[in-house]
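Please keep the structure in view while reading.

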Amino acid sequence: MKIARRGLPKGWIGAWLFALAAVTSAAQAAVLPGALVTPPWLHDHAKQVQIVDIRDSLGSLTNDPKYATVNGQKVLEEVGGHIPDALSVNFWGLRQKHVIDGKKIDFMLPTAKEFEQTMQAVQLEPGKPIVIVPTGDDATSLQEAAFFAWELQVFGVPQEQIAILNGGMHAWTSAGYDVDTDAIAPMSSSKWKARAPNPALLATTAEVQAAQSAHGLLLDARPLAQIAGLERTPVVPAAGRLAGAYPLPAELLYRNADDGSWRFLSAHVYRKVLAGGGVQRVAPGIVYCNTGQYAAGAWFVIDRIMGRKGLREYPGGMNEWEQRGLPVVSF
């Protein structure tokens, strides 16, 4: 269809197209109902969003779901396959090895260019709302999804364009929706672009030290046994925590639903749970863990679900801190 231009001022078509693009962009941003979506919502809006599967074992994308029989009923035991037309992100590709003070340190935040190349390789489209889909088989998968959501925001995606499927593939499959086991194999790359890292979401080692000196809020988002120094991961050389940090145990942030999927809670429930767990302040401040994913889960809960702004993540966590030779304390 041709647009009649007679009598219209010069440049009108360009202005009209610009306005149309702005309206379209605003409409896309308004698609997501919030930080979390449900399987029924995603099923009904699948064509309006980019569904991005994230997991740390890509082999399960082509496996069939595994079921068990409990009290005579068929129950999903382990996720297999993916949502039809989903893109796929390997969680391990969201961190890179960087040289700091002459040492190679793994599990570090990628540069904008590294992140951009990863997103282009999975064919992420610019400007289209994103629903991140973890496996939902365990709480770790929710933290991985939160870490991806945090990185997307760090590199320029507006929060209004990012949500997580609560319960992930486990909830989707248990609800009876279609599961695809074909391989996800992109044949080309996209034109997605990363912006410079957003300092409002990031804390450096120097900023963590400054917060310690100024008695600013530092939150340790690891499991309680690691916070207390009773356990540690192989990545972190010594058990302990940062001086002045307050515990925000990972055990407080997730629940196992009736269908077996792991899920985030509501903002209302989080306020009660955190108060009951002795967590008095959550923002503004800095949150950390070992290598970033526990901290990202806490950030997603506080910033995106509870709407409390001003929490920055120290992505290097105990890993970077100890590799730099900085001190830790124990209870």
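The report takes the sheets, then the rings, then the spaces.

## Basis

This is a predicted model: local features need pLDDT of at least 70, side-chain atom pairs count only at pLDDT 80 or more, and totals for chains, interfaces and linings use all residues. Residues are numbered from 1 along each chain as its sequence is written, and side-chain values use heavy atoms, with hydrogens and water left out.

## Sheets

Strands (E, at least two residues) and helices (H or I, at least four) are DSSP runs, numbered from the N terminus. Two strands pair if DSSP finds at least two bridges between them. An open sheet of 5 strands runs in the order β1-β9-β8-β2-β5, with parallel pairing. Its edge strands are β1 (36-37) and β5 (87-90), each pairing on one side only. Inside this order, β8 (residues 130-133) and β9 (residues 162-165) run parallel and are joined by 3 bridges. V131 has A163 in β9 as its bridge partner.

Another open sheet has 4 strands, in the order β11-β10-β14-β15, and its pairing is parallel. β11 (246-247) and β15 (311-313) stand at the edges with a single partner strand each, so one side of each is left without a neighbour in the sheet. Strand β10 (residues 218-220) pairs with strand β14 (residues 285-288) in the parallel sense, over 3 bridges. The bridge partner of L218 in β14 is I286.

## Aromatic pairs

Rings of Phe, Tyr and Trp (its six-membered ring) pair if their centres lie within 6.5 Å; planes under 30 degrees apart count as stacked, over 60 as edge-to-face and the rest as tilted. The count comes to 11 aromatic pairs. Why is the pair of F264 and F300 tilted? The ring centres of F264 and F300 are 5.2 Å apart and the planes stand at 40°, so the pair is tilted. It links distant parts of the chain: F264 lies in strand β13 (residues 262-264), F300 in helix α9 (residues 293-305), 36 residues apart. Both F264 and F300 are buried (under 20% relative accessible area, with a 1.4 Å probe and protein chains only; exposed is over 50%, partly exposed in between).

Y314 and W321 form an edge-to-face pair, 6.4 Å centre to centre with 85° between the planes. Y314 and W321 are buried too. Elsewhere, ring pairs link F91, W92, F107, F147 and W150 into a cluster.

## Charges over rings

A charge sits over a ring if NZ of Lys or CZ of Arg is within 6 Å of the ring centre and within 35 degrees of the ring normal. R95 lies over the face of F147, at 5.4 Å from the ring centre. F147 is also one of the cluster rings. The charged end of K74 sits over the ring of Y67, 4.2 Å from its centre.

## Pocket and cavity

On a 1 Å grid over the protein atoms alone, a cavity is a set of points where a 1.4 Å probe fits but cannot get out; a pocket is an open set with protein on both sides within 12 Å along at least five of seven lines; lining residues have an atom within 4 Å of a point. Grid points are joined across faces, edges and corners, and a volume is the space filled by probe spheres set on the points. The largest pocket holds about 320 Å³ of space. Its lining has 16 residues, of which A46, K47, I51, P84 and D85 lie nearest the centre.

The structure holds 1 cavity of 30 Å³ or more. The largest cavity has a volume of about 30 Å³. Residues lining it include R222, E231, R232 and N290.
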